Amino acid sequence: MISLRENKKIFPLIGAIIVFVLSFSVLYLGDNTGLSDNGDFRRVLLANNMEYEDDTDHYYLFKQDYKMKIEGDTFFEKIAFLCKSNENQEIYSSPQFIIIKASKVMNFIANTITVREESNYNIAYLAFIYTLMLSLAAWCIFSFFSDKPLKLRITVFVLFIFMFCDAGYILYFNSLYGEPLQYVSLMLLIAIGLMIYKKPTIPRVACFFVALYFFAGSKLANVPYSIIVSLLAMSFVFLRRDKKYRIGVGISVLMAAVCIANLYMSIPDWMHDDTTYQSVFFGALKETKTPEKDLKQLGIDEKYLPLINTHAYMDEGEYPIDITTPEFQHDFYDKIGKWDVAVFYMRHPVRFAQKVAFSIENASCLRPLNSGTSKTVPMKYSNRYSLWSDLRIATKFLYNPIIVFIMAIIITAYVVFANVYMVKNRKGRDDRLLYTIMAMYVLIAGLWINMCLPIIGNGEADIMKHMFLFANCMDVLFAVIIIGIVNMQKRNKVISIAAIVAVAAFLQIEPPKEIIEFGQYNGKPIKWEVVKKYDDGTREIVTKQCVASRIFDDENNMWETSDLREWLNSEFIREFSMEDLARITTQQNEVMLTYNDRELAASGNHTHFWSATRNEVSDMSDSAYKYYVDDMVYIPTLDMMETIDVHGSYWILCPYGYNEKMQRYMKNDGFILHTNVDNVYGVRAAMRIN
């Protein structure tokens with residue numbers, strides 16, 4: 001018989017093992033999966049004396065193998081070199097590099113033992129370290145709840161396995177992004193915070209601040225939030241009254257603050273410049289209706305007005321003004337900072353609210369949608385163990401701006417009220433309750449800061465990836481709410497669950513579409529969704545479902561010469577009657593062009609920017625490189641995306657702007673991604689009829 005004490009120890013251990021096995025299975029059970037580069041890997045590789053083994057299509061394919069630079073004659077000299085960073089002063093430093101160097105040493109030792117090429121680097125060793133850290137966090141959390149009622153233990157275990165082992169989180173482990181260290185550090189902060197609450201000791205406090213240092217350095221945008229966390233962590237002193245412990249807490253807080261501040265000071269100028277450029281020209285000023293007035297308020301010369309709507313990572317030839325000159329450095333970078341952008345938004349609260357709402361909508365997906373997850377198929381989107389990712393998108397609950405704002409305001413008001421109540425009733429104050437309130441302040445600060453900071457600090461560029469921490473905080477908050485509901489009395493529990501279900505159901509309501517029958521395919525009448533009615537009596541329609549699954553083309557994404565266009569205007573309408581064919585009206589469609597095909601453009605002055613949300617997919621398409629095609633039968637256009645029903649995964653009439661072999665498509669969850677033109681996706685035909 002296992003004693004109660006042994007029972008409390010073995011279940012957290014078993015739970016941690018399950019987390020480890022499940023996480024590694026997400027990455028390596030079957031075809032290996034991870035995340036491809038979106039441009040961030042290069043600086044990490046350079047800083048750590050590494051390179052791609054094969055850099056072909058690294059923007060679209062997950063890469064398992066890399067090469068390490070090794071110098072030295074003896075085993076230990078080589079180990080010492082592996083632990084060194086590139087001395088180039090333009091390369092930033094990060095605690096993430098400590099983890100990467102540890103994985104390099106592991107690779108080198110394994111290569112030596114197995115007599116393989118010593119410079120080989122397999123990213124699986126890095127994933128192993130991250131998985132081990134997540135499992136450690138799981139063990140601490142399960143240990144905290146080990147003496148709680150069975151229903152609570154089961155709830156915590158299920159939530160951790162279901163939510164925090166989801167592929168949306170775990171796929172990051174097979175990458176060189178900062179997000180995996182950010183994620184496991186946050187989970188460790190939560191876990192160690194719980195363990196400190198249970199038994200406060202100086203070693204546990206020290207471990208908390210070590211985890212906070214790794215969290216702050218994983219993404220340098222986390223530094224402001226981390227400083228706030230370190231100050232709120234002073235509440236550790238309330239858990240014990242002995243002087244030695246409180247001095248230890250004070251020293252830990254001071255050291256953490258110094259180290260985190262040093263991280264911020266180490267950010268290179270080029271990183272500050274890039275993010276500032278984007279926060280201004282691709283953030284505060286993006287699509288402004290009063291450009292001259294806004295430039296004046298920001299203190300920017302009006303001669304830089306043509307730079308509005310450009311971002312920092314465009315090709316040099318796309319900028320209407322040279323931004324590499326000393327004059328621009330003096331006129332812009334030396335005068336404008338993030339604080340100026342924040343003040344500008346204070347003067348324009350409505351615009352700021354709109355920008356934040358846009359950011360929240362982009363916090364829907366945990367993994368970046370512009371990164372491939374397969375080693376062999378470019379931009380393949382893996383659905384392995386993605387139940388939570390799919391559910392959080394399907395319910396529209398955790399990324400609807402109105403719901404998120406209401407939740408944040410209510411929870412903030414509740415915690416503030418509880419804090420005020422405690423202050424007024426100091427005689428019966430519970431120090432542990434005060435610690436709990438401080439912990440809630442940490443979570444609330446994380447929500448508000450990570451809701452607003454990305455748009456202030458980096459504009460709309462790559463916003464979905466920058467909202468990863470916000471999405472993570474929302475998931476933690478939702479998990480806390482579920483645990484709270486489980487602890488409620490039955491009546492309150494039913495009311496709370498009913499409220500959540502009702503809100504989620506309400507968000508699914510969409511106005512009904514007008515459906516008609518027109519033409520036939522494969523001997524069956526075709527049902528069409530009416531998209532738009534014109535004053536001349538014609539209607540634009542699109543098939544209600546996918547009528548076939550086909551490649552777009554076997555060579556490139558030029559719509560005019562594509563295999564799909566030829567098929568739609570021949571095979572697809574072969575069974576239409578002469579009367580039906582006579583009702584079809586030729587429609588002139590505008591089609592975006594890739595950067596390499598810009599010389600063919602009939603209008604436009606920039607590449608069409610990438611956006612995954614239906615509301616923003618046509619963003620700035622009016623001024624993008626485009627040409628015009630007269631179509632009889634075509635596929636859904638950008639203008640249809642906001643109103644068209646999803647109904648499967650299918651091609652849309654828009655190429656991916658930075659690769660002539662990639663085309664955009666609507667995914668079955670309602671987001672617009674891109675993939676190779678020779679991959680097979682659904683086809684929904686569109687046309688304009690009398």
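**Close-up 1. The largest cavity in this predicted model has a volume of about 60 Å³.** A search of the whole structure turns up one cavity of 30 Å³ or more. Here a cavity is a set of points, on a 1 Å grid over the protein atoms alone, where a 1.4 Å probe fits but cannot get out; the volume is the space filled by probe spheres set on the points. Lining residues (an atom within 4 Å of a point) number 13, and the closest to the centre are Arg367, Tyr381, Ser389, Asp390 and Ile393. Sorted by class, the lining has four nonpolar, four polar and five charged residues. Nonpolar covers Ala, Val, Leu, Ile, Met, Phe, Trp, Tyr, Cys and Pro, charged covers Asp, Glu, Lys and Arg, and the others, Gly among them, are polar.

**Close-up 2. Helix α4 (residues 96-114) packs on helix α5 (residues 124-144) at about 125 degrees, with axes 8 Å apart.** The crossing is right-handed. Contact (heavy atoms within 4.5 Å) involves residues including Ile99, Met106 and Ala110 of α4, and Leu126, Phe128 and Met133 of α5. Eleven of the contact residues are nonpolar, three are polar and none is charged.

**Close-up 3. Helix α6 (residues 150-163) meets helix α21 (residues 468-487) at an angle of about 155 degrees, their axes 10 Å apart.** That makes α6 roughly antiparallel to α21 (over 145 degrees). α6 passes α21 in a right-handed crossing. Among the residues in contact are Lys151, Leu152 and Leu159 of α6, with Asp475, Phe478 and Ile482 of α21. This contact has nine nonpolar, two polar and two charged residues.

**Notes for all views.** Residues are numbered from 1 along each chain as its sequence is written, and side-chain values use heavy atoms, with hydrogens and water left out. In this predicted model, local features need pLDDT of at least 70 and side-chain atom pairs count only at pLDDT 80 or more, while totals for chains, interfaces and linings use all residues.

Terms used:
Axes are lines fitted to C-alpha atoms, for helices over the stretch in contact, and angles run from 0 to 180 degrees between N-to-C directions. Helices (H or I, at least four residues) and strands (E, at least two) are DSSP runs, numbered from the N terminus. A crossing is left-handed if the near helix is turned anticlockwise from the far one by less than a right angle, and right-handed if clockwise. On a 1 Å grid over the protein atoms alone, a cavity is a set of points where a 1.4 Å probe fits but cannot get out, and a pocket is an open set with protein on both sides within 12 Å along at least five of seven lines; lining residues have an atom within 4 Å of a point. Angles under 35 degrees count as roughly parallel, over 145 as roughly antiparallel, 65 to 115 as roughly perpendicular and the rest as oblique.
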